[in-house]
Amino acid sequence: METPEETPVTPEIPNSPEKPKIDSQDYRLISKANDDFESGDYDACLEILDQLELLRGSDSKLLHNRAIAKFYKTQCRNHEALLKSLEELDDDKGLNRLAVLPQITSSPTPDSGASTFIPIYNKAVIFYHRHMFETALLTLKPLVQKLDSYDESSIALIGVLILRLLLATNRLRKAYDFLEILLQKLGTTTLTLTAEDSNPQEVLSRIDENLARCLKLLCMLSMVVNRKVVLVPEDGTIEFSALKAHQYYIMKDFQMAAKQLKKINVDSYRGGLYNHELNTLIANNMGVIHLRVRHYAIAAKFFQNAIVFDKHIAANLRQAELHQMSSVRSCEILYNLGIAMLHLRRPKEAFQSFLVPLKTYHNNPRLWLRIAEACIMEHELRRATEEKYGPTSNQNRVLFSNRIPYTESGQSAAVPEPTMPFAALSLRNALYLTRAYSHQVNIPAGSEEGNEEETCKSLPTDNNFCNPSGPVTKESLDIILSAVYAAYSYVSLRLGDYVTALEMAQELLKTDRISDAHKLLAHMYAGEALIMMDKLAEARPHFEPTFVSTLNTFDFETKDWHLKSLDAAQNVVRYNLAVALNLKGDFEVAKSLLNTCTHPIVASKVFALKVYIDKTQAAAAASLVTPRI
């Protein structure tokens, strides 16, 4: 079977013997159908198409135009029926040879090159608005390889959609490289199109005015996200004003970015451009700005407002027009809200927020890690409450074990709940995905299999493994992997899986460019796992306080966790060493070591351990006294 890439494009010859000639009566009907379509009288348009079918028979152009007219008759809502009709056109090989037009046309002689791509393009548009970006890119792949066979207007039409898809999937470098290839085919460059006095209609004179303006906007957006030097004009439109705010944000000028967004908000109200889509954009972007400057409560409020606006768009999605479906951004907003809630130490709200984007971005290891962090935080808060007010259950407390039952909630670990078993499941997924992506990162584009056209081969490979977040570097994946190892080791300790805890801690210690904070955690978790496995001799080297003095103080002071100084880290290590010595029976050495632990972070635990040692020594002394008769 021939693939779409191998199928030759057969130009339609007007006087071909396979099709009847277009006479004056057919031309009048075609012109009338086009006029009715443009005026919105779709019923009349369909009636004329039926007359054309009686006169000339059925062909793919007629079937396609009828499907388009029916789609517009439903106010662009019944996209499923349109997609089914387009799929049927593709399945019919006999019809597939004939030219197909995207809309009702009055031209009696179709463009031989441009007319063949329309069904594929229309399918890709439907996939784009349904957020099926990868499917849309695969659909457009044959068209990219044959761009040279189309006229400039068709090249621009295909190119704009591909640029939108590449930017939506965070293929930023590939988008910029494709942009340069596209503009070269259109006879211009990025510098010419984005010049301060540039008029897109003059630069791209053979292209529709709106399409040329859209191409200029996408050109500037590609340059901004790739950190290229470009002057975004202040023309008063919302699109370029939002792009200006985006440029300020990337340049880390958060104050100017916020001012620009406020200006858009004021101008839109004054101009009567109030709509929920714009409000969603402004609220979400303001939340992202406050998140970057660590105003987490304000950021969470903006994200909650954005969700309210977004719900108005998605309230009746089944009855929404096709272009409105692409405006829904609930997944991205809830992801941002979950991050803010984690910083506010509200793990239950964060966990619930992450569950929605998880359905779409289940291949994102960072998202699985955030879910696990919410579960761990919920466990820690519950544990702190029990230490303060006593345990909520009747279970006895054990001094040297924080182990919890693997079925703490009484149900399967696969059920999404902020529990430690679900954290273990999430970390297992995060570990698998991160390891897999680490092998794929920075693979040259030329190493891909298949004989593709030069246009596709020349594009770089973006590491967009963490959608909806931006592309990641090898260093970012290493940081994610270290965080997964540390969290997985901790969760395994709490669940009593000491073999896995030790394995993860050892893997963390082997990691390249491990941070000092993670190095400390790895030693603590490995030592505790060995203690619980009754391997005290192997555990003691992990608790030697000497290695702490070699750690970087700055690495502790800048981290958002309990250990804010090397002194606190030293005290934690000495306390854990005292625990190991106590279990080994060296009570006096353990007590002398505990006397050096003066930091408040371990004060309560030091007191409890001293009491335990005193009771143990007193019980041992009492057992040596021989009772008298």
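The model is predicted: local features need pLDDT of at least 70 and side-chain atom pairs count only at pLDDT 80 or more, while totals for chains, interfaces and linings use all residues. Residues are numbered from 1 along each chain as its sequence is written, and side-chain values use heavy atoms, with hydrogens and water left out.

**Overall make-up**
- The chain holds 30 helices and zero strands, counted as DSSP runs (helices H or I, at least four residues; strands E, at least two) numbered from the N terminus.
- Of its 629 residues, 48% count as buried, that is, under 20% relative accessible area with a 1.4 Å probe, protein chains only.

**Helices H14 and H15**
- The axes (lines fitted to C-alpha atoms over the stretch in contact) of H14 (residues 254-270) and H15 (residues 276-292) come within 10 Å and cross at roughly 160 degrees.
- H14 and H15 are therefore roughly antiparallel to each other, a term for angles over 145 degrees.
- Residues in contact (heavy atoms within 4.5 Å) include Phe-254 and Leu-261 in H14, and Ile-282 and Met-286 in H15.

**Nonpolar cores**
- A nonpolar core is a set of buried Ala, Val, Leu, Ile, Met, Phe, Trp, Tyr and Cys residues joined through side-chain atoms within 4.5 Å.
- The largest has 99 residues, and Phe-354, Leu-427 and Val-491 are among those with the most contacts inside it.
- Helix H23 (residues 474-494) gives the largest share of this core, twelve residues.
- A second, separate core of 76 residues includes Ala-33, Leu-166, Leu-215 and Met-325.

Technical notes:
Axes fitted to C-alpha atoms, helices over the stretch in contact; angles between N-to-C directions. Parallel < 35°, antiparallel > 145°, perpendicular 65-115°, else oblique. Buried < 20%, exposed > 50% of the residue type's maximum accessible area, 1.4 Å probe, protein only.
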